Amino acid sequence: MTAIYDCSVESQLLTGLRLARGAIGRGQLVVIPTDTVYGVAADAFDPAAVTRLLEAKGRERTSPPPVLIPGIPTLDALASEVPEPVRQLVGEFWPGGLTVILNAQPSLTWDLGETRGTVALRMPDSRIALELLAETGPLAVSSANLSGLPAATTAAEAADMLGESVAVYLDGGSAGADYDAIGERPGDTSSTIIDATGLTGGTGTIRIVRAGVISRERIAAVVGDELLAPDAVAAPALAAPAVEPAEGGPAAAPADVASAASADADVPSAASDDSTGAAAS
């Protein structure tokens, strides 16, 4: 059985991170802790690795994974435009439990699935995840569970579901403990996913695609309630993005963005898989 490395033990942390970096470089899958749920990660720029991630979870290309990133500078590298309200939100909630769907840079050489030109991005509030991301760069990360089952909040739960499809498990303790479980399902500590593609060109509103650990009220406190679309307009189902939000061209239509952003975990992006995470994470 694939080894689980206890990252509370320094020697296992160093060994686990080294093996995880190597596994990502070989196109294999790694399970990592995030601040919301555990995520299963692959090199975002390796199409075969992303396909392996989707197959391990039992997901289709219509549910692309979100992307976890190591810092705000990477946001500008991956998104074609970062509107000022998004900068305000990530300044307030990153690292943390907010996944943002934006239009992706058209020059990116990746294949996350049917994203419709969008990407779901999140910077997780996890020392272990951020250390790995600093070494590997952006990772496609979906919640570490089989599709349809609750997202794992421990490495052991992830291993029970994903088994030997994963090369390395990093155990960072219980995930989501620092958040109130106010997501869409009982006990849900998935990231909140917002679709900000409507702000392209300085107009439009932000849609909350998946309710998670960052409440609507907290988002409105940063950007104003008038910039948020009414809850009734939000997409009824998530498909993950490029966290499980999606992750050029014109902004995707609501249904397109939902499929690009179906979020399990968080994930990255950015939550439970079919409820998250995203989300990445």
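This is a predicted model: local features need pLDDT of at least 70, side-chain atom pairs count only at pLDDT 80 or more; totals for chains, interfaces and linings use all residues.
Buried means under 20% relative accessible area, exposed means over 50%, and partly exposed lies in between, with a 1.4 Å probe and protein chains only. Residues are numbered from 1 along each chain as its sequence is written, and side-chain values use heavy atoms, with hydrogens and water left out.

**Sheet**

- An open sheet of 10 strands runs in the order β1-β8-β2-β3-β7-β4-β6-β5-β9-β10, and its pairing is mixed.
- β1 (4-6) and β10 (207-210) stand at the edges, each with a single partner strand, so one side of each has no neighbour in the sheet.
- Strands (E, at least two residues) and helices (H or I, at least four residues) are DSSP runs, numbered from the N terminus.
- Two strands pair if DSSP finds at least two bridges between them.
- Strands of a sheet pair through backbone hydrogen bonds, either parallel or antiparallel.

**Strand pairs**

- β1 and β8 run parallel and are joined by 3 bridges. Y5 has L170 of β8 as its bridge partner.
- β2 and β8 pair in the parallel sense over 2 bridges.
- The bridge partner of I101 is D195 in β9.
- β9 (residues 192-195) and β10 run antiparallel, joined by 3 bridges. I194 has I208 of β10 as its bridge partner.
- In a regular strand the side chains alternate between the two faces of the sheet.

**Helices**

- Helix α5 (residues 127-136) lies across β2 (30-33), β4 (67-68), β7 (139-143) and β8 (168-171). The angle of α5 to β2 is about 135°. Axes are lines fitted to C-alpha atoms, for helices over the stretch in contact, and angles run from 0 to 180 degrees between N-to-C directions.
- A158 lies in helix α6 (residues 155-162). A158 counts as buried, at 0% relative accessibility.
- Leaving aside neighbours within four places in sequence, A158 is in contact (heavy atoms within 4.5 Å) with V31, A144, A152, G163 and Y169.
- The C-alpha atoms of A158 and G39 are separated by 8.4 Å, and the two residues are 119 residues apart along the chain.
- A221 is found in helix α7 (residues 216-223). A221 is exposed, with a relative accessible area of 67%.
- A221 and L89 are 132 residues apart in sequence and 9.8 Å apart in space, C-alpha to C-alpha.

**Loops and backbone**

- I182 sits in the loop between β8 and β9. I182 is partly exposed, with a relative accessible area of 40%.
- Beyond its neighbours within four places in sequence, I182 is in contact with D188, G212, V213 and S215.
- The C-alpha atoms of I182 and V213 are separated by 5.6 Å, although the residues are 31 residues apart along the chain.
- W94 and P95 are joined by a cis peptide bond, with omega about -10°. P95 lies in the loop between α4 (84-93) and β5 (98-103).
- R116 is not a glycine, yet has a positive phi of about 55°. R116 is in the loop between β5 and β6 (118-122). At 39% relative accessibility, R116 is partly exposed.

**Largest pocket**

- The largest pocket has a volume of about 280 Å³.
- On a 1 Å grid over the protein atoms alone, a cavity is a set of points where a 1.4 Å probe fits but cannot get out, while a pocket is an open set with protein on both sides within 12 Å along at least five of seven lines; lining residues have an atom within 4 Å of a point.
- Grid points are joined across faces, edges and corners, and a volume is the space filled by probe spheres set on the points.
- The largest pocket is lined by 16 residues. Nearest its centre lie T34, D35, D125, S126 and D178.
- The lining divides into 6 nonpolar, 6 polar and 4 charged residues. Ala, Val, Leu, Ile, Met, Phe, Trp, Tyr, Cys and Pro count as nonpolar, Asp, Glu, Lys and Arg as charged, and the others, Gly among them, as polar.
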